[in-house]
Amino acid sequence: MPADIRTVTEDLAVAPQIALEDLAALKAAGFAAIVNNRPDGESPDQPSSAQIEAEASRLGLAYRHVPVVSGAMTMDDVAAFGAALEELPKPVLAYCRSGTRSCTVWALSQKGEAPADEIMSRAASAGYDLSGIRPYLERD
């Protein structure tokens with residue numbers, strides 16, 4: 001299991017890249033679903049979405065691929081991530097290369113659902129400085 005799993009909310013944790021062999025431990029730890037925020041081929045050493053999905057399915061974990069290109073996140077990405085969180089069984093583990101993208105897309109998906117201070121506090125408690133998106137979260 002990845003050593004750096006960070007709890008963001010009761011229903012969501014984020015982590016850096018996971019390996020196929022991590023999935024059984026994640027299920028044993030109580031996770032019900034996995035969200036992969038990495039586009040396939042981002043790094044030569046990462047398992048493909050299809051590989052993660054097949055192993056997750058074999059283990060009875062729900063899976064969603066919401067690829068977010070680093071530095072090029074779109075509002076469609078945010079909407080897809082928000083929909084995944086609404087639809088998937090909880091708790092969910094979202095992962096990307098470092099965990100930052102997953103936390104950022106979560107924070108943006110929470111705009112209008114929670115006050116900016118609460119979103120920023122949850123991200124900070126998980127070890128992520130998302131101060132760069134604060135102005136967006138505070139805009140009407």
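How do the axes of α3 and α4 cross, and within what distance do they come? In this predicted model, the two axes come within 8 Å and cross at roughly 85°. Because angles of 65 to 115 degrees count as roughly perpendicular, α3 is roughly perpendicular to α4.

**Helices α3 and α4**
- On the α3 side, the contact is made by Asp 77, Val 78, Phe 81, Gly 82 and Leu 85.
- On the α4 side, Ser 102, Val 105, Trp 106, Leu 108 and Ser 109 take part.
- The residues of this contact divide into six nonpolar, three polar and one charged.

**Thr 104 in α4**
- Thr 104 lies in helix α4, which spans residues 100-109.
- Thr 104 counts as buried because its relative accessibility is 14%, and the cut-off for buried is under 20%.
- Apart from neighbours within four places in sequence, Thr 104 is in contact with Met 73, Leu 130 and Ile 133.

- The loop between α3 (75-87) and β5 contains Pro 91.
- Lys 90 and Pro 91 are joined by a cis peptide bond, with omega about -5°.
- In strand β5 (residues 92-95), Val 92 and Ala 94 point one way, while Leu 93 and Tyr 95 point the other way.
- All of these β5 residues are buried.
- β5 pairs in the parallel sense with strand β2 (residues 12-15), over four bridges.
- Within that pairing, Leu 93 of β5 is the bridge partner of Ala 13.
- β5 also pairs in the parallel sense with strand β3 (residues 33-36), over four bridges.
- Here Val 92 of β5 is the bridge partner of Ala 33.

**Helix α2**
- The buried residues of helix α2 (residues 49-59) are Ser 49, Ile 52, Glu 55, Ala 56 and Leu 59.
- Seen down the axis of α2, these buried residues fall within an arc of 140°, so they line one face of the helix.
- Elements covering the buried residues of α2 include α1 (22-28), β3, β4 (62-65) and β5.
- Ala 50, Ser 57 and Arg 58 are exposed and sit on the face of α2 turned away from its buried side.
- Gly 60 follows α2 and has a positive phi, near 85°.

Note on methods: Residues numbered from 1 in each chain as written. Predicted model: local features only at pLDDT ≥ 70, side-chain atom pairs only at ≥ 80, totals over all residues. Heavy atoms only, no water. Buried < 20%, exposed > 50% of the residue type's maximum accessible area, 1.4 Å probe, protein only. Helix = DSSP H or I, 4+ residues; strand = E, 2+ residues; numbered from the N terminus. Pairing = 2+ DSSP bridges. Contact = heavy atoms within 4.5 Å. Arc of directions from axis to C-beta. Axes fitted to C-alpha atoms, helices over the stretch in contact; angles between N-to-C directions. Parallel < 35°, antiparallel > 145°, perpendicular 65-115°, else oblique. Nonpolar A, V, L, I, M, F, W, Y, C, P; charged D, E, K, R; others polar.
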